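Visitor: I would like to learn how to read a model like this one. Please take me through it feature by feature.

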Amino acid sequence: MKFRTEISLIPLAEGIDHSAKIFALGSCFAESISERLQKAKFSVTTNPFGVAFNPFSIASAIERLADTRAFAVCDIREGREGFFSFDAHSSLDGKTHTEIFTNLNQAVAQGSKALRDADWVILTFGTAWVYEREGRVVANCHKQPAKEFERRRLSVEEIVERYCKLFEGVLRDKRVILTVSPVRHLGDGLQENSVSKSILRLAVEELCERYENAHYFPSYEILMDDLRDYRYYADDLAHPSKMAVDYVWERFCEGMMTDGARTLLPQIEQIVIAAEHRPFNPTSEAHRAFCRKMLLKMESLSEIDFSEEKKIFERNL
């Protein structure tokens, strides 16, 4: 008997390997997968301006980075606890004008280079609901009065039109993975969340049909239709549990990576875990022998950047 409807994945003809540079933008789910990629020793840059949930804010970030467009005085607002920008997450806020400009424009410089150098771009859409201020979609409301914003839902056509310009511009020479976040936006209401996810899914499908360099990874369907149980959610019943993210990561590796990259993952994991382990007696000969063994193993994987782990093991010799 079958008790699950597993998602069938057709691996990419040319998947991600460890030589690739990856740039990821989008929801907190994008950050979860990026963390796994970083731990697996892939080169990945994620959300220079912080988490972004709606497709328009993600597109605005790409456009700013593509143009290396610095933040100006008109982009900054003063709040009760300092200065912020409606185009960035609160993690980039500053107590002074100087601090916030430094934070934001360092993010522009670093993010522009990462986008320019990227072989792969991963975009994760979280919601089709947006908040507009003075006719412009904001990435973050920064707890400003609700009366300042107008809430509305993007249409499939709006999203596709905006992203066609990107696919025919800055994303033209990139390989792009599009996903719809499985995180449930309960604050929108269950019915509204369902419509929102449907809009995102239709927009992504149309983009994948139009552009050969666009590929869909079914993270949304994996959680909704494959796992399909509240035990795979965190306590808030909105975010995937660690077990669910682990499973989505396994499926991502299966569908989006090359065979060679997947083969290396267990060896990389062994070295990373060994470096994180705190030895009972770091000065013992047994531990020094273990460190030498790990250094030899890293030499056999010369294509992987183990610079931090190497420092740890060499320090204990």
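Visitor: Where is the place of Glu221?

Guide: Glu221 sits in helix H6 (residues 219–227). Helices (H or I, at least four residues) and strands (E, at least two) are DSSP runs, numbered from the N terminus. A caution on the source: this is a predicted model, where local features need pLDDT of at least 70, side-chain atom pairs count only at pLDDT 80 or more, and totals for chains, interfaces and linings use all residues. Residues are numbered from 1 along each chain as its sequence is written, and side-chain values use heavy atoms, with hydrogens and water left out.

Visitor: Is Glu221 buried or exposed?

Guide: Buried means under 20% relative accessible area, exposed over 50%, partly exposed in between (1.4 Å probe, protein chains only). Glu221 has 15% relative accessibility, so it counts as buried.

Visitor: Which residues does Glu221 touch?

Guide: Contact means heavy atoms within 4.5 Å. Leaving out residues up to four places away in sequence, Glu221 touches Ile7, Arg201, Tyr216 and Asp226.

Visitor: Now the strands. Why is strand S1 largely enclosed?

Guide: S1 covers residues 21–26, and five of its six residues are buried, so the rest of the structure largely encloses it.

Visitor: Which strands pair with S1?

Guide: Two strands pair if DSSP finds at least two bridges between them. S1 runs parallel to S2 (residues 43–46), joined by four bridges. Phe23 stands opposite Thr45 there. S1 also pairs with S5 (residues 120–125), again parallel, over five bridges. In S5, Trp120 is the bridge partner of Ile22.

Visitor: What unit do S1, helix H1 and S2 make?

Guide: A crossover is right-handed if, with the strands pointing away from the viewer, the path from the first strand over the helix to the second runs clockwise. S1, H1 (residues 28–39) and S2 make a right-handed β-α-β unit.

Visitor: Which residues touch the most other members in the largest nonpolar core?

Guide: Such a core is a set of buried Ala, Val, Leu, Ile, Met, Phe, Trp, Tyr and Cys residues joined through side-chain atoms within 4.5 Å. The largest has 85 residues, and Leu37, Leu123, Tyr163, Leu178 and Phe252 touch the most other members. A second, separate core has 14 residues, including Val272 and Phe306.

Visitor: How many disulfides are there?

Guide: A disulfide is a pair of cysteine sulfur atoms within 2.5 Å. The whole structure has zero. The sulfur of Cys253 lies 20 Å from the closest cysteine sulfur, in Cys28, too far for a bond. Cys253 is buried, at 6% relative accessibility. Cys291 is buried too, at 0%.
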